[in-house]
Amino acid sequence: MSNISSEQAIIKTENLGKTVTTVDGPLHILSSVDLTIKPGDSLAILGASGSGKSTLLSLLAGLDTPSTGSILLDGRELTTMDEDGRAEIRNQLIGFVFQSFQLLPGLTALENVMLPLELAGDARARDKAKALLDRVGLSERLSHTPKQLSGGEQQRVALARAFVTEPAILFADEPTGNLDSRTGAKIIDLLFQLNQEKSTTLVLVTHDNALAERCQSTVRLEAGRLL
């Protein structure tokens, strides 16, 4: 867990940019993005397809490297680290929820949730995973594999896996994008309940205005720039 004080930013970017080379010349995916997010805050990043939302999330999580600018996570400069350093920060601080669930098909719901704890060497992985799956209403589905679960159930497994390590920061990329509106609404409720219980900093990429309105603050990306 993070030991950062509530006055400091847990995520801070300055002049963040991402440019890729194409056959037509350089393509600026993100330009001059300045963000400051305090611990426990919830932020929605809105924008049309192709506005750079998912790229920004990948940069903040250290899954991709920027072309310009800096990213501080919990006071540590991501942009000067190698992949091993970034992976260590992700393991210490970060949880993920993806639109496509990203569950391992050969593992049961319980095993999927246990995995990040087992990788961290947590002897109580099974107990913690069971408790969180119970919390998201899946105590009867522990031994089911992803293909035996509905979309909403798979996303609840993904939420449990993201929260089981008690991350300081949770990144969610269109977490309700593949769900019907009723199931999506339940997932949103669960996301914010867990967010409040654990004081997790929540950063959501979404085009869902109802989801964005639940966040403490909202930013909009247009053609790679924050409005």
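Tutor: Contact means heavy atoms within 4.5 Å. Helices (H or I, at least four residues) and strands (E, at least two) are DSSP runs, numbered from the N terminus. This is a predicted model, where local features need pLDDT of at least 70, side-chain atom pairs count only at pLDDT 80 or more, and totals for chains, interfaces and linings use all residues. Residues are numbered from 1 along each chain as its sequence is written, and side-chain values use heavy atoms, with hydrogens and water left out.

Student: What covers the buried residues of helix 3?
Tutor: The cover includes helix 4 (125–135) and helix 5. Buried means under 20% relative accessible area, exposed over 50%, and partly exposed in between (1.4 Å probe, protein chains only). In helix 3 (residues 109–119), the buried ones are Ala109, Leu110, Asn112, Val113, Met114 and Leu117. Just after helix 3 comes glycine 121, with a positive phi of about 75°.

Student: Is serine 42 buried or exposed?
Tutor: Serine 42 is buried, at a relative accessible area of 4%. You'll find serine 42 in strand 3 (residues 42–46). Leaving aside neighbours within four places in sequence, serine 42 touches Phe192, Leu202, Arg214, Cys215, Gln216 and Ser217.

Student: How do I describe two packed helices?
Tutor: You give the angle between their axes and the distance between the axes. Axes are lines fitted to C-alpha atoms, for helices over the stretch in contact, and angles run from 0 to 180 degrees between N-to-C directions. Here, helix 5 (residues 151–163) and helix 6 (residues 181–198) pack at about 15°, with axes 10 Å apart.
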